[in-house]
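Subject: The structure you asked about

Hi there,

Here is the structure we talked about, ready for you to open. Have a look at it first, and then read on for my notes.

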Amino acid sequence: MTPDGIIAGVRTAWAGKRCITILDPCFGVGTQFLDVWAACRADPHRPASLHVVAIAERLPDLASARDVLSAQASPQSAGLTQALLDQWPLPLAGVHRLDFEAGAVTLTLVVGPTAARAGCSARVDHVLGTQSAQTAQTAQTAQTAQTAQSAQSAQSAQSAGSTAAPQREPWGWESAGAGQALVVGAGLSGLAIARALALRGWEVTVLHPGWGDQESRPHRGHAAAALTPVASRDDNVRARLSRAGTLCAQRTWRDLPEDIVTRCGALQLQRQTGRVVDLAELAHALDFPPQWIRYVTPEQASEIAGVTLDRPGLHFPMAMRVQVQPLLESMAATPGVRIVASRVHSLRQQNGEWLALDGAGQVLARAGQAVLACAADVREVLGASGMLQRGSRVDAMHALAGEITMIPAQSALQGLRCTVSGDGYVLPALDGWCVAGGTYVHGATLALVTPEGQTGNLGRAAGLLGTSWTAANLTDRDTLPGWAGWRAVLPGRLPAIGPLAGSPGVWIATGYASRGLTWSSLGGELIGAALAGEPLPVERDLLDEINPN
Ligand SMILES: Cc1cc2nc3c(=O)[nH]c(=O)nc-3n(C[C@H](O)[C@H](O)[C@H](O)COP(=O)(O)OP(=O)(O)OC[C@H]3O[C@@H](n4cnc5c(N)ncnc54)[C@H](O)[C@@H]3O)c2cc1C
């Protein structure tokens, strides 16, 4: 089909629609996407939202993409080329989501050798370069089986949905426009979801006990935390999901000031005991771009860190140090988000709405959609609501206490430029203090800062920093400030994000364990996209892995 024919087909497909999702089965360097976007901008009757899902077996790097696009982009789309290049993703397998025109135009790029098969979940209205009506009909049919697909794989996706796939609660796409949602819990998970929905025009009520009192706000004293991706030699589910989460966080936090989200990078040092993995071999096997991960010698690691390190490791340039409370405050301040200082006891459905009730049965909030994001208490709220499914992933969740310790950034620590991790972690100094963590206290009934915990954290910090730092010089080592809290942990250390089976309109986002920063933006974008009827920003098989049911 000629380019003109393709664009004519697209115009016909979006005529009269408020929102359209188009599948581009062959992304290349994005010339078709740019043509579609340009045609949309030129159309006075354009849809309010244009979503393009594009499949690419391999993504060229930025320099190659620039070369090709400068030679190939059509005159109509030339002005948009730079906007695409500005967000050009690293050539990494997975789903990359790019936003333009304040989210009115999105590009969801599914990249990798199995991209067409892995796919992402989307309701597809039109397939580029086809006799649209017939193929789009096939795409619609496959969507009924809770999948979306490249044009080529539509048939197989459909059969997977009807025969082989386990029963799953659908992720949505019945969006009738922005509505009202209530979110239980104003931690990293709840506020990321509230923000994602509010940016899509939703009115969101977040319920959290004691929010009115600064001292009672979540993560009070949790001065800083680390976002460091996971790497595994076989690029397993956890590594892929952490890549999606990290890239999503990079995107959603891109306008936050550098002191809240510090793009300092992280070094993961080679372990010497326990489960020792050959990191040089791992990095070689993965063959990822160095902007994402690279192996470094002790000398290179020391140069990056600004302190002497005696072990080799992996360098993650996109890792971050985050000030947790300012991040929470910035998300809570999103227009459309309202916070009510109350603890939710249970949910009840009434007249097509979900009611959040306190312990006395009083209604605290009501909305069409309810998101449970109150960490390990999700289990309790579900239980009190009569909605906890025995044997589900969420049923297996438990709370695990832990603490961090603040170390005065004297001498060598003052110069620390990136997160150093391995057994524990040390963050670059913030206001003269480095955060060192963290402990894992099994069977605790309270989360407390303790002398034993501090000793453990100081020992881990000394182990990481080798000869460049010792706790022996600390005069006040028994009275160092710290913070203690809880992690909600699920078997397999993957979060639980998605719709609750059997209770349409109830969503779960919990089990973030030690990686609240990695999972929270992704959880927000997944639930935000699902409720807005947008393509979902991770592959289908990963959605299955984080299914809460
Ligand atoms: C010592 C320690 C160090 C850590 N370091 C890091 C790190 O460096 N990087 C990282 O990414 N992660 C780290 N984590 C993990 C991170 O803190 C969690 O993953 C993250 O807080 C999970 O976010 P959440 O919103 O699910 O839960 P929370 O942050 O715990 O928020 C849930 C909120 O829900 C509220 N709530 C509970 N029940 C109800 C109810 N019934 N009604 C209303 N509200 C309710 C709670 O009061 C709570 O504030 C650390 C955790 C600990 C303990």
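Predicted model: local features only at pLDDT ≥ 70, side-chain atom pairs only at ≥ 80, totals over all residues.

**The chain as a whole**

The chain is built from 17 helices and 25 strands. Along its principal axes, the C-alpha trace spans about 75 × 60 × 40 Å. How does the radius of gyration compare with that of a compact globule? For 549 residues such a globule would come out near 24 Å, and the chain has 24 Å, so the two agree. Buried residues account for 51% of the 549 residues.

The largest nonpolar core holds 165 residues, and Val371 and Leu372 are the ones with the most contacts inside it. Setting aside residues up to four places away in sequence, Leu372 touches Val184, Val378, Val381, Leu382, Val506, Ile508 and Thr510.

**Around the ligand**

Which residues come closest to the ligand? They are Gly185, Gly187, Ala225, Asp377 and Gly516, out of 37 residues that surround the ligand. By type, the shell divides into 19 nonpolar, 13 polar and five charged residues.

Several elements supply at least two shell residues each: the helices α8 (188-199), α13 (377-384) and α16 (516-532), and the strands β8 (225-227), β19 (398-408) and β23 (482-489). Of these, β23 gives the most, with four residues. In terms of domains, at least three shell residues come from domain 2 (181-219 + 325-397 + 492-545), and at least three from domain 3 (266-317 + 398-489).

**Backbone details to check**

- The peptide bond from Gly437 to Gly438 is cis, with omega near -25 degrees. Gly438 sits in the loop that runs between β22 (433-437) and α15 (451-465).
- Ala375 has a positive phi of about 50 degrees, although it is not a glycine. You will find Ala375 in the loop between β18 (369-372) and α13. Ala375 counts as buried because it has 26 C-beta neighbours inside 10 Å, and 20 or more is the mark for that class.
- Ala513 is another residue other than glycine with a positive phi, in this case near 45 degrees. Ala513 belongs to the loop between β25 (506-510) and α16. Is Ala513 buried or partly exposed? With 19 C-beta neighbours inside 10 Å, Ala513 counts as partly exposed.

Trp519 is part of helix α16, one of the elements that supply the ligand shell. Trp519 counts as buried, since 29 C-beta neighbours lie inside 10 Å. Apart from neighbours within four places in sequence, Trp519 is in contact with Gly245, Pro495 and Tyr512. Trp519 and Ala509 are 10 residues apart in sequence, with 9.3 Å between their C-alpha atoms.

Ala249 is in helix α9 (residues 237-252). It is buried, because 26 other C-beta atoms lie within 10 Å. What does Ala249 touch, not counting residues up to four places away in sequence? The list is Leu227, Leu517, Thr518 and Ser521. Ala488, on the other hand, is 239 residues away from Ala249 in sequence and 20 Å away in space, C-alpha to C-alpha.

Thr205 lies in strand β7 (residues 203-207). Thr205 is buried as well, given 21 other C-beta atoms within 10 Å. Beyond its neighbours within four places in sequence, Thr205 is in contact with Leu182, Arg338, Val340, Ala365 and Ala367. Between the C-alpha atoms of Thr205 and Ala181, which are 24 residues apart along the chain, the separation is 6.4 Å.

Happy to go through any of this with you at the screen.

Best wishes

How values were computed: Residues numbered from 1 in each chain as written. Core = buried A, V, L, I, M, F, W, Y, C linked by C-beta atoms within 7 Å. Buried ≥ 20, exposed ≤ 12 C-beta atoms within 10 Å, placed from the backbone. Contact = placed C-beta atoms within 7 Å. Near = placed C-beta within 6 Å. Nonpolar A, V, L, I, M, F, W, Y, C, P; charged D, E, K, R; others polar. Domains from an automatic or database assignment. Rg over C-alpha atoms; globule rule 2.2 N^0.38 Å.
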